[in-house]
Amino acid sequence: MQIQARRYDNLEPVELTIAGEQIERISPLGAAGERLDLPYVSPPFFDHQINGYDGVWFSDEELTAEAAIATGAAHYQFGVTRLFPTLITNSFAALSQGFAALRSACEQDAATDRMFPGFHLEGPYLSGEDGPRGAHPKDQIRPADWEEFQRLQEAAGGRILLVTIAPEVEGAIDFIERAVESSLVVSIGHTAASPEQIRAAVDAGARMSTHLGNGAHGTLRRHPNYIWEQLGDARLAAGVISDGHHLPPSVLRTIVAAKGVENTLITCDASGLAGRPPGRYEFESVEVEVLERGPIVIAGQSQILAGSGVQTDVCVAFILRVTDVSLAQAIDMAGRYPARLFELDEIRLRRGSAADLMVFRYPERGGDLTIEQTIAAGQVRYDGR
Ligand SMILES: [Zn+2]
């Protein structure tokens with residue numbers, strides 16, 4: 001298979017030859033700035049925080065392997081070939097059931113196994129305070145419990161790679177140390193921790209912040225506070241939800257400037273209702289509303305967001321719109337850099353690299369990314385041309 005397109009990194013028009021699951025050859029078709037009629041080609045997206053799609057929640061107690069497979073595959077249309085299905089705060093039984101279904105999906109289907117290179121457990125060891133708790137159900141928030149986590153990891157077949165935890169929760173620091181010893185990536189989130197507690201978590205090995213700037217109080221002491229503390233610690237990478245609703249442009253610019261592009265990881269944190277039309281929906285006895293203009297909130301108010309209604313491609317386009325990062329940097333913030341942090345295969349446009357690619361259009365003056373083709377392991381998984 002051959003693809004003619006402009007490289008996303010140096011804008012050179014090239015012809016890529018794919019053989020089997022790999023890029024076999026990349027031949028020049030002219031100089032950078034030529035063949036402006038061609039679409040771009042880049043490595044595809046990897047999103048570390050996806051809750052579901054089109055009415056399917058990975059956190060659903062009744063999640064089946066079939067639904068997980070279909071929900072994973074639905075992401076090719078957005079240029080995503082890898083994502084961490086994310087389970088949020090819930091009972092042990094529900095979490096264990098969910099992880100077992102995800103595991104079974106990966107065991108049954110090789111493409112899903114590639115799509116889900118790890119699972120993300122966001123909770124239940126989080127702050128119970130209103131604000132930091134976000135949309136996580138209060139009655140299931142609990143102290144950190146390594147034994148319980150071990151049983152969840154067992155249900156998941158060892159596939160949980162990322163855990164979001166609040167450092168101030170009882171037992172959290174000990175939990176973080178054990179998690180890091182087990183090669184998990186620990187992320188700080190949904191927290192009301194003091195600066196000392198944040199530092200203790202980072203000293204124990206926490207390496208990132210989950211959706212920095214969200215899952216926080218509406219009003220905070222000017223300083224010190226847990227946002228500054230995480231922003232100012234160079235040892236922490238930051239996940240950002242750049243969907244245009246979760247963070248204002250100035251905050252996104254500040255996080256990118258403080259962390260650098262390589263340590264700012266774009267996520268859409270898509271809700272299980274992403275892709276559904278506006279209206280009210282109930283999930284696990286929480287009423288959630290998809291609003292006309294896109295965001296998804298706890299029903300009856302507009303301040304508490306309950307995940308995003310858009311996908312990674314839209315979040316990358318928004319970063320491009322409001323910060324001065326380049327096209328290549330923005331794409332890598334949702335692909336290579338998170339893969340590097342999680343020690344997964346860093347896909348590059350070069351000979352011998354995995355043939356995981358996306359072909360897309362992006363107007364010279366900015367605007368939306370339009371995904372034309374998504375290729376995973378040398379197979380065309382989405383073709384929207
Ligand atoms: Zn969250």
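**Close-up views of a predicted model**

View 1. Residues are numbered from 1 along each chain as its sequence is written, and side-chain values use heavy atoms, with hydrogens and water left out. Helices (H or I, at least four residues) and strands (E, at least two) are DSSP runs, numbered from the N terminus. In H4, which spans residues 146-155, the buried residues are Trp146, Glu148, Phe149, Leu152, Gln153 and Ala155. They cover an arc of only 165° around the axis, which puts them on the same side of H4; the arc is that of the directions from the helix axis to the C-beta atoms. Glu147 and Glu154 are exposed on the other side of H4, where buried means under 20% relative accessible area, exposed over 50%, and partly exposed in between (1.4 Å probe, protein chains only). The cover over the buried residues of H4 includes helix H2 (92-108), strand E9 (119-122), strand E10 (160-165) and helix H5 (172-181), contact meaning heavy atoms within 4.5 Å. Just after H4, Gly157 takes a positive phi of about 65°.

View 2. Glu122 (OE), His190 (NE2) and His211 (NE2) are the protein donors of the zinc ion and lie 2.0 to 2.1 Å from it. Donors are N, O and S atoms within 2.8 Å of the metal (3.2 Å for Na, K and Ca), and because water is not among the atoms, sites may look incomplete. The spacing of the donor residues in sequence is E-x67-H-x20-H. Glu122 lies in strand E9 and His190 in the loop between strand E11 (185-188) and helix H6 (195-203), so the pair ties together parts that are 68 residues apart in sequence. Glu122 and His190 are both buried.

**View 3. Thr264 in strand E14.** Thr264 belongs to strand E14, residues 264-267, and counts as buried at 0% relative accessibility. Its side chain reaches the backbone oxygen of Gly260 at 2.8 Å. Apart from neighbours within four places in sequence, the residues in contact with Thr264 are Ala238, Val240, Ile255, Val256, Lys259 and Met333.

**View 4. Helices H8 and H9.** The axes of helix H8 (residues 249-259) and helix H9 (residues 312-322) come within 10 Å and cross at roughly 90°. H8 and H9 are therefore roughly perpendicular to each other. Pro249, Leu252 and Arg253 of H8 make the contact with Phe318, Ile319 and Val322 of H9.

**View 5. Leu369 in a loop between two strands.** Leu369 is found in the loop between strand E18 (357-361) and strand E19 (370-376), and at 8% relative accessibility counts as buried. Leu369 and Ala317 are 52 residues apart in sequence and 6.1 Å apart in space, C-alpha to C-alpha.

Definitions and conventions
Predicted model: local features only at pLDDT ≥ 70, side-chain atom pairs only at ≥ 80, totals over all residues. Polar contact = N/O pair within 3.5 Å; in protein donor to acceptor, adjacent residues only side chain to side chain. Axes fitted to C-alpha atoms, helices over the stretch in contact; angles between N-to-C directions. Parallel < 35°, antiparallel > 145°, perpendicular 65-115°, else oblique.
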